[in-house]
Amino acid sequence: MRRHLIITFLAAVSLPAAAQQTLPAITVTDKAIEDGGNALALTPETIRSLRARYQTTAALFRELPGGSILAGGALSPLPVVRGLADERLRVTIDGADLTATCPNHMNTPLSYIAPTSIEQLTLYPSVTPVSVGGDAIGGAVVVERRKAPFASDSTPVRGGEAGATYRSNGNGKAADFAAWYGTETFAAQYQGSFAESDNLRAGGPFKNYRFTGRLGHTLDTDAIGSTAYQVRNHAVDFGWKSGEHEVRAEVGLQQQPYQLYPNQRMDLLDNEEKRAALTYRGRFAWGELEARLYHETVDHFMDFGADKRYWYGMASGGPTAFDGSPCAPLGPTCAAGMPMYASSTTDGAKIKATVALDDASLVRVGGEWNRYTLDDWWPPSGGGMWPDTFWNIRNGVRERTALFTEWERALSPTWHTTLGVRVERVTTDADPVHGYANSDGTAPSFTYQLRDSTAFNTSDRSRSDTLWNLVWSNSWQLSPEWSAVLDLAHQSRAPSLYERYPWSTWQMAALMNNFVGDGNGYIGNLDLKPEQAYTAAARLAWQASDQGWRIEWRPYLTVIEDYIDAVQWDATANAPRATPVTNRFTVLKYVNQRAKLYGHELTLRGPLARNGWGAWAFAATLACSRGSNTETGDNLYGVMPRNVKLSLNHTRGSWQQRFIVEAVERKSRTNRMRNEIPTAGYALLHWEGSLTLSNAVTWHFGIDNVFDRSYAHPLGGAYVGQGTTMTNPTPPNVPQWGTPVPGPGRTLWTSLRVRF
């Protein structure tokens, strides 16, 4: 009853709005948002206080107004900002633009950095300064790793830290270690981390079956299949400094032996990422110069994990069997899994100069280059995956070249403006492909593969797009208490390789191409145009004269031309379905349409009392987003419903604690074309605390979902975490559609950190 009262209150006070964002960056300290513009930042102090609770970097977005995550694997959820996610956001790590190398986006850029390695995370919602990023329409995420420190005098600095964390739900374990040494001219550091977990459990039963498709292996009805993972990170960085000039070099390695996916039909069973970067920063009489070079390689392997059926084909029991029986030999009637490989390289360079024109103005000019290459192939394994190798994308190339200029000026003591222009050239291409059957066969799927590959191979696959970004940001100090920000922008994004080049309309192949976790299959479209977004974003803030209570309102409106949405596709007719199917998984093809997103965030925070029990503070955030396809009248996929977050902070000496109430409205505005699954509203209570035992030792602890509520996150996707996942529909007595991925039940966690 209380949950419904909360949602009713939200409905009464929430008003859809119309605008938002700007250039300077805000700081979040003590889990509260400070002023500084329309960007939002988690400072090192805040990240240190949160990293014990959150095992992924993307999860930190839950602490920012309007931020949420689109669930994937436990290590690689996607940040969602005001209804836009994934490649609609520009994500950079130490200045490197990285791309997911997987048809399911299992290795997203933020999955390559652990929270324990982060120095700062900054979010530019809706509007991004042209000097920060391009080729995106929803904002930018800028992550900076902790760097090896230089000494401030002749005495070397040396130190380190180590931590260990345990989580009861899933028997999760994590450990990290870092050590550094620095003089005035040289610095070096090592950072390493390890994490693993078994499957999570929900707050109660959410399905009525236990089988997994593997003989002798079952899951309880409250077990969330395919949520286990293991990951190892290593990074070494060096720095050299001379006067006003600094050079840094970094190499890193991440290995993921496995990361299973509850909302994808495949699982990550091996992923190795290697990276190297070189950065220069210098100060001159005329201003500052920054330059970066970076390189990354990814080798990625997918197949069916422990909770999904491995043996397929008539010799294994056929598509309707609950379990697949081992069979031999491999061939048209016997298949051993479905191995899928992807391999990529990313090379990039950036240069930016900042020149002071006078005491009140400066200009930034720069350029960027990024080249991404991709191979995505599926070796034959039997059954319908026979006898040749299926090439999903062969020698795919996406190359970006950009130039930008940005003018910033204080027009008066109370008015600051920034005007930026960015132009990019994006080219993509891919080589000819073929399916498992490189010649016609008797099965309809073979016919479709030959038909589709022939059409793809005879088409002109080379594309070139020109992108323009125009950003005008203004901020005003209206009075000692009141400030305002208004941003106006035109931003654009070119289609990705996985939006343009997956070519097969065959249902099974299409089901392997899905990076939103909705259980459907997707087909690429060579004729996609770049997305063009027109955005107005604002912030109106009041700060008490004693720097105590603060309230902010952040409205926004984004209209998108050529928005990349999807329509249901009929493989038989090779055309859109005359009548869309409902209440089931389906196959869709990417198309350009029109869209609109609008909403607002309202935040309130301030001190409550200071007495013998300590200091008490309160914070509240209300977020409301709406997204619609203005061409079809449908709702956009993956838009978070109205939600509120309340927190009560308490500090007394070395003791800190926080009580958090998280309430989310029922998701009823779903995307009909994708048959998005509705979710019920819910309210959760979390508690976290920390105790500083000494200058060197801190103990963190807490309970997530204190009352062990059963719920489904609105952006969690469709549950396909166990059983026969390759076919559609699934075996009898198993829902082929309609089960959302549940959220985890009660989780007790504890973490000990030692500095030395």
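Me: Is Cys-327 buried or exposed?

Reply: Keep in mind that this is a predicted model. Buried means under 20% relative accessible area, so Cys-327, at 12%, counts as buried. Cys-334 is buried too, with a relative accessible area of 0%.

Me: Which residues form a disulfide, and how far apart are their sulfur atoms?

Reply: The general idea is that two cysteine sulfur atoms within 2.5 Å make a disulfide. Here Cys-327 and Cys-334 pair up, with their sulfur atoms 2.1 Å apart. The link is right-handed, with 95° about the S-S bond. By that rule the count comes to 1 disulfide.

Me: Where do I find cis peptide bonds?

Reply: Look at omega. Ala-328 and Pro-329 are joined by a cis peptide bond, with omega about -10°. Pro-329 sits in the loop between strand 20 (311-312) and strand 21 (335-336). Another cis bond joins Trp-386 and Pro-387, where omega is about 5°. Pro-387 lies in the loop between strand 23 (361-378) and strand 24 (390-412).

Me: And what about phi: what value does Asp-86 have?

Reply: Phi of Asp-86 is near 60°, a positive value in a residue other than glycine. You'll find Asp-86 in the loop between strand 6 (84-85) and strand 7 (90-93). Its relative accessible area is 16%, so Asp-86 is buried.

Me: Is Asn-583 buried or exposed?

Reply: Exposed means over 50%, and Asn-583 has 51% relative accessibility, so Asn-583 counts as exposed. Asn-583 also has a positive phi, about 55°, although it is not a glycine. Its place is the loop between strand 31 (575-576) and strand 32 (587-611).

Conventions. Residues are numbered from 1 along each chain as its sequence is written. This is a predicted model: local features need pLDDT of at least 70, side-chain atom pairs count only at pLDDT 80 or more; totals for chains, interfaces and linings use all residues. Side-chain values use heavy atoms; hydrogens and water are left out. Buried means under 20% relative accessible area, exposed over 50%, partly exposed in between (1.4 Å probe, protein chains only). Helices (H or I, at least four residues) and strands (E, at least two) are DSSP runs, numbered from the N terminus.
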